[in-house]
Number of protein chains: 2
Amino acid sequence: MGWVHRRRDLGGLIFIDLRDRYGKTQLVVHPERRPDLAAQAHDLHAEWVIEADGVVQARPEGMVKRDLSSGEIEVELTSFSVLNRCLPLPFQLDDAAKASEELRLKYRYLDLRRPEMQETLVLRHRMANVVREHFTAEGFLEIETPFLVKSTPEGARDYLVPSRIFAGQFYALPQSPQIYKQLLMIAGMDRYFQIVRCFRDEDLRSDRQPEFTQVDVEIAFADCDTVFATAERLFEKILRAAWGIEIALPFPRYSYQHVMETYGSDKPDLRFGLPLHNVTEHLRETEFRIISSALEAGGVVIGLCFSGKASLSRKEVSELEDLAKTCDLAGILPLKLTAEGFAGSLVGKVSEDHLRAAAAQLEAQPGDLILLAIGKKSSVLKGMGAFRRKLAEKFQLFRPDLHQNPSLFWVVDFPLFERDEETREIAPSHHPFTGWLREDDHLLAGEPWKVRSTAYDLVMNGSELLSGSIRIHDPQQQAEIFRLLKIPDEEVELRFGFLLEALRYGAPPMGGMAIGFDRTIMALTGGSIRDVIAFPKTNLAQSLMDGCPSTVDPQLLKDLHIAVVPPKV
Amino acid sequence: MGWVHRRRDLGGLIFIDLRDRYGKTQLVVHPERRPDLAAQAHDLHAEWVIEADGVVQARPEGMVKRDLSSGEIEVELTSFSVLNRCLPLPFQLDDAAKASEELRLKYRYLDLRRPEMQETLVLRHRMANVVREHFTAEGFLEIETPFLVKSTPEGARDYLVPSRIFAGQFYALPQSPQIYKQLLMIAGMDRYFQIVRCFRDEDLRSDRQPEFTQVDVEIAFADCDTVFATAERLFEKILRAAWGIEIALPFPRYSYQHVMETYGSDKPDLRFGLPLHNVTEHLRETEFRIISSALEAGGVVIGLCFSGKASLSRKEVSELEDLAKTCDLAGILPLKLTAEGFAGSLVGKVSEDHLRAAAAQLEAQPGDLILLAIGKKSSVLKGMGAFRRKLAEKFQLFRPDLHQNPSLFWVVDFPLFERDEETREIAPSHHPFTGWLREDDHLLAGEPWKVRSTAYDLVMNGSELLSGSIRIHDPQQQAEIFRLLKIPDEEVELRFGFLLEALRYGAPPMGGMAIGFDRTIMALTGGSIRDVIAFPKTNLAQSLMDGCPSTVDPQLLKDLHIAVVPPKV
């Protein structure tokens with residue numbers, strides 16, 4: 001039984017490719033032997049569902065297809081019947097790329113018939129099994145946490161669910177099981193994991209979904225070495241199962257400060273070079289107004305060395321300047337180092353000795369192109385980080401073959417807080433349950449934004465696959481963080497009172513992580529987030545297939561004690 | 001590291017039982033050797049968290065505890081430190097049964113420290129692994145379906161989630177992934193399963209939760225033999241893994257009509273006998289007004305034979321009559337069969353020959369007690385079904401040891417529709433996507449309530465563990481069912497239009513099931529539903545631990561375009 005993939009009438013013979021999840025099988029009807037079947041087969045169209053009986057036989061010599069697993073056989077039909085018909089398709093499955101994504105999402109059940117889509121879901125299933133086998137083998141328990149939870153917003157906005165029994169009260173859908181997994185540690189469950197759906201009502205970027213899946217993990221009595229080793233063994237197995245490659249353990253660890261200053265990103269792609277260098281000191285003495293005024297304002301000059309690219313034409317260099325502008329950089333100063341010396345607008349404005357020193361720091365050789373950006377340190381680093389990545393894409397600096405030599409590493413020592421540039425108020429970089437390094441205790445009261453947290457990320461090929469931290473288990477320290485965040489006592493009590501109370505009943509030290517499962521599958525397949533989820537939503541959080549969200553029976557809203565308030569026009 | 005379970009000062013020695021998920025370990029301090037540690041240990045209280053170092057050594061001969069896995073060793077401490085303290089406990093963990101369930105739910109993280117609770121969650125994790133390994137080995141894919149779905153109420157009430165982006169529109173939380181799994185079959189995914197949370201906003205009975213977990217399964221091109229065999233192999237593995245027993249396959253199949261007429265229940269417990277018999281014909285000729293008037297009104301007499309219980313005293317028999325009243329039976333007529341003949345109020349009112357015929361049908365022997373109930377067939381069967389079960393409990397007719405000889409069987413041939421006794425309107429017994437037996441086609445138009453569906457249940461020890469059906473895959477048949485259910489065309493289009501459309505694009509025949517995962521764990525442990533879920537809710541759908549549902553920031557509601565309408569007093 002299966003779907004008619006194609007029917008071909010070749011005069012004397014009728015061939016039907018019967019398709020299912022496992023591949024295609026060639027059915028054949030000989031009209032001279034079975035004119036009845038031939039007549040019946042004439043009605044068949046693509047995507048009809050049929051049940052067929054016949055005799056499996058070797059294909060005639062010239063018709064064997066070695067590249068097809070069923071290419072050596074065919075089935076000569078003795079009977080068949082139609083189980084269901086199919087309307088004319090809204091798009092051709094063999095040519096889905098030509099259809100709009102809207103159309104493919106509306107007819108998702110047709111798009112999912114394509115082998116590429118099915119392979120992705122098969123891979124996803126296999127990877128979920130790898131995850132579960134890994135954690136089970138290491139003594140973890142998968143424990144289901146609730147979906148109807150208390151609203152304790154952690155940065156993003158909660159999806160709310162009105163209570164019918166308690167008028168005016170609401171559940172939230174969990175942004176993550178963070179608090180519940182901490183409570184499981186307090187309950188002595190010791191090693192917990194869960195592959196679990198999470199929800200964030202955010203304005204969606206193209207790589208986000210309102211509901212997403214994470215592998216949620218927590219370990220009692222753990223330091224970050226324990227967590228890291230657990231994750232490293234998992235990714236070793238994932239890459240072995242998905243790509244058949246062996247990766248080296250342990251993964252390198254880089255500080256947040258190091259990756260920001262060297263790559264301009266907290267999740268840099270290290271499959272190519274182009275490290276950044278702060279060459280400000282060498283360029284301090286210059287008549288070049290654009291540099292000197294920036295440096296007087298406290299700015300910096302960040303450079304990278306593009307090896308062997310001194311040969312780029314003026315036009316090509318000018319394209320790089322345009323590329324820089326798409327990275328929120330005001331501009332970029334090119335400086336060529338050739339066998340004859342430096343070339344570029346800096347020559348004559350900065351002494352040869354200083355240019356040489358800058359080039360030396362950038363490890364530039366004759367034939368290289370140096371690219372410099374000037375401005376406020378944080379924004380220039382960020383801009384150069386994006387620029388570096390776009391250069392790599394434009395010049396294909398990493399092999400397009402994803403399966404080779406992935407770059408995996410930890411980023412550690414994140415700042416505990418982010419500081420709003422304008423209000424100077426601080427907010428948690430990770431979440432308010434994140435611990436910090438003991439050696440930074442003295443900074444907490446006076447300069448909290450300098451405190452380094454015990455949070456960490458795992459980065460693969462420029463994508464953050466995992467995020468976690470060692471938590472606060474001391475109730476006083478947790479209360480201290482809420483004070484620093486200036487959450488009023490009553491609000492702390494209302495939102496987090498039950499967690500603070502639980503910490504007072506013998507909470508163990510604990511740490512954990514949340515692995516982005518959709519992202520992991522994306523990293524393995526190179527697909528978009530909508531490719532790795534069976535029934536995804538659009539950027540407006542709609543499902544085009546079933547048409548949700550939708551209006552509902554007004555009686556339902558009455559029962560929930562709510563009324564719709566139309567937005568003011 | 002772990003929790004101080006108990007500290008005992010025995011004059012010369014201090015013993016500390018250190019507890020974690022894996023058991024208890026005895027720590028010992030010799031005050032004369034380490035007075036510093038002894039002083040420190042004096043401060044320790046139950047449930048404090050400590051880190052201890054010491055030397056593992058054999059216990060002195062008289063102190064070995066063979067029944068404890070760590071009973072042959074102890075750890076002589078060389079140092080320890082307190083990682084966290086614990087407030088005085090709201091209830092004693094060793095004596096939790098004395099605490100109210102409210103208190104235990106509020107401090108769920110403490111209740112979960114009890115070994116019985118931890119064992120249940122460990123069993124749940126192991127059974128989830130058995131389920132996943134089973135379906136993976138049989139070629140099924142676990143595919144995640146969405147949680148923010150279209151509201152298409154299937155009997156129970158949906159939980160709703162307001163959309164922020166589309167004012168006045170709502171998502172629903174899925175009551176089950178029913179439609180999505182059918183779409184996966186249409187998508188060619190062939191064999192699907194998922195361990196998935198489902199949601200029903202119902203007034204809760206004590207064995208229900210607003211969110212519950214089911215093992216959701218669907219198979220394309222399947223008849224019920226395929227589904228049954230898949231489920232039977234799964235339960236074979238579950239019972240082997242949980243109880244170490246081997247059960248006989250295949251499970252018996254009984255029709256709905258048979259179990260209703262023989263046991264007065266569609267999920268009877270067959271671990272004991274007490275079958276029901278309709279003995280109406282034998283008792284038709286009687287002067288007994290209570291019987292004759294009931295029979296004239298079309299009623300029936302249903303009896304059961306309670307073996308060896310003719311010896312019950314008048315008082316004991318009268319207790320059975322009271323028990324019958326708790327089962328919605330108007331009363332019960334006892335008839336004793338002794339070596340001397342019949343005894344009871346029927347004697348003389350019904351001829352000896354007729355009594356003998358009734359007794360013969362009930363397979364009664366001298367020494368047995370016959371119990372008869374009279375009234376409308378459906379309610380008497382139901383009442384006797386409940387009575388039969390209560391008799392078994394009262395007289396302990398089944399072994400209290402759950403692990404012996406569980407009774408597992410299928411119930412098939414359910415009616416496709418239920419009919420409201422008053423309005424005579426029909427509603428789906430299962431859900432509107434359920435197919436029916438081809439031989440009942442002719443009944444559909446005229447007597448739809450007589451049509452037998454292709455739905456089935458699996459019953460174990462009187463509990464429905466699984467429910468499923470072969471679905472409708474023909475779009476015309478599906479539309480026909482919606483017509484019979486008198487759902488207006490516009491509403492069908494609005495609620496189910498996308499499914500009807502999908503059926504027109506080459507839907508394969510399909511069938512499946514939903515296994516109650518919480519119920520399965522309950523059947524394995526004998527616990528309540530709140531015992532088998534880590535963080536359960538009360539009958540009012542509240543979480544006493546975190547205090548949800550709760551009020552939320554009014555700005556959140558504004559953003560969701562909704563306002564609370566307080567109920568009128």
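Predicted model: local features only at pLDDT ≥ 70, side-chain atom pairs only at ≥ 80, totals over all residues.

Student: How do you know that the two copies are related as by a two-fold rotation axis?

Tutor: Chain A is laid on chain B by a turn of 180 degrees with a shift of 0.0 Å along the axis, and the RMSD is 0.0 Å. The copies are therefore related as by a two-fold rotation axis.

Student: What makes you say that the copies meet through the same surface?

Tutor: Of the interface residues of chain A, 100% are also interface residues in chain B, so the same surface is used by the copies.

Student: Why is a space in this model called a cavity rather than a pocket?

Tutor: A cavity is a set of points where a 1.4 Å probe fits but cannot get out, whereas a pocket is an open set. By this rule there are 12 cavities of 30 Å³ or more. The largest cavity holds about 390 Å³ of space.

Student: Which residues count as its lining, and which of them lie nearest the centre of the largest cavity?

Tutor: A lining residue has an atom within 4 Å of a point. The largest cavity has 26 lining residues, and those nearest its centre are Arg132(A), Glu142(A), Ile195(A), Arg132(B) and Ile195(B). At least two lining residues each come from helix 4 (115-137) and strand 9 (191-199) of chain A, and from helix 4 (115-137) and strand 9 (191-199) of chain B.

Student: How many of the lining residues are nonpolar, polar and charged?

Tutor: The lining of the largest cavity has 11 nonpolar, 10 charged and 5 polar residues. Arg and Glu count as charged and Ile as nonpolar.

Student: What makes strands 1 and 4 of chain B a pair?

Tutor: The condition is at least two bridges. Strand 1 (residues 2-10) and strand 4 (residues 49-58) of chain B are joined by 2 bridges and run antiparallel. Trp3(B) has Val49(B) in strand 4 of chain B as its bridge partner. Strand 4 of chain B is also joined to strand 5 (residues 73-84) of chain B, by 10 antiparallel bridges, and there Gln57(B) is partnered by Glu74(B).

Student: In what order do the strands of the chain A barrel come?

Tutor: The 5 strands close in the order 1-2-3-5-4 in chain A, with mixed pairing. Neighbouring strands of this sheet are turned by 40 degrees against each other on average, direction ignored.

Student: What makes strands 12 and 15 of chain A the edge strands of their sheet?

Tutor: The sheet is open, with 5 strands in the order 12-13-16-14-15 in chain A and antiparallel pairing. Strand 12 (277-278) and strand 15 (341-343) of chain A each pair on one side only. Strand 15 of chain A has its 3 bridges to strand 14 (residues 333-338) of chain A, with Thr338(A) opposite Gly341(A). Helix 10 (residues 352-361) of chain A lies across strands 12, 14, 15 and 16 of chain A, at about 95 degrees to strand 15.

Student: How many residues lie between strands 14 and 15 of chain B in their hairpin?

Tutor: There are 2 residues between these strands of chain B. Strands 14 and 15 of chain B pair antiparallel over 3 bridges, and Thr338(B) stands opposite Gly341(B).

Student: Which residues does His473(A) contact, leaving aside its neighbours within four places in sequence?

Tutor: Contact requires heavy atoms within 4.5 Å. His473(A) meets this with Leu503(A), Ala507(A), Pro508(A), Pro509(A), Leu83(B) and Asn84(B). His473(A) is in the loop between strand 21 (463-470) and helix 12 (475-484) of chain A.

Student: What is the omega of the cis bond from Leu249(B) to Pro250(B)?

Tutor: Omega is near -10 degrees for that peptide bond. Pro250(B) is in the loop between helix 6 (224-243) and strand 11 (253-255) of chain B.

Notes: Residues numbered from 1 in each chain as written. Chains lettered and ligands numbered in written order. Heavy atoms only, no water. 1 Å grid on protein atoms, 1.4 Å probe; cavity = no way out; pocket = protein on both sides within 12 Å on 5 of 7 lines; lining within 4 Å. Points joined across faces, edges and corners; volume = space filled by probe spheres on them. Helix = DSSP H or I, 4+ residues; strand = E, 2+ residues; numbered from the N terminus. Least-squares fit on C-alpha atoms with pLDDT ≥ 70 in both. Axes fitted to C-alpha atoms, helices over the stretch in contact; angles between N-to-C directions.
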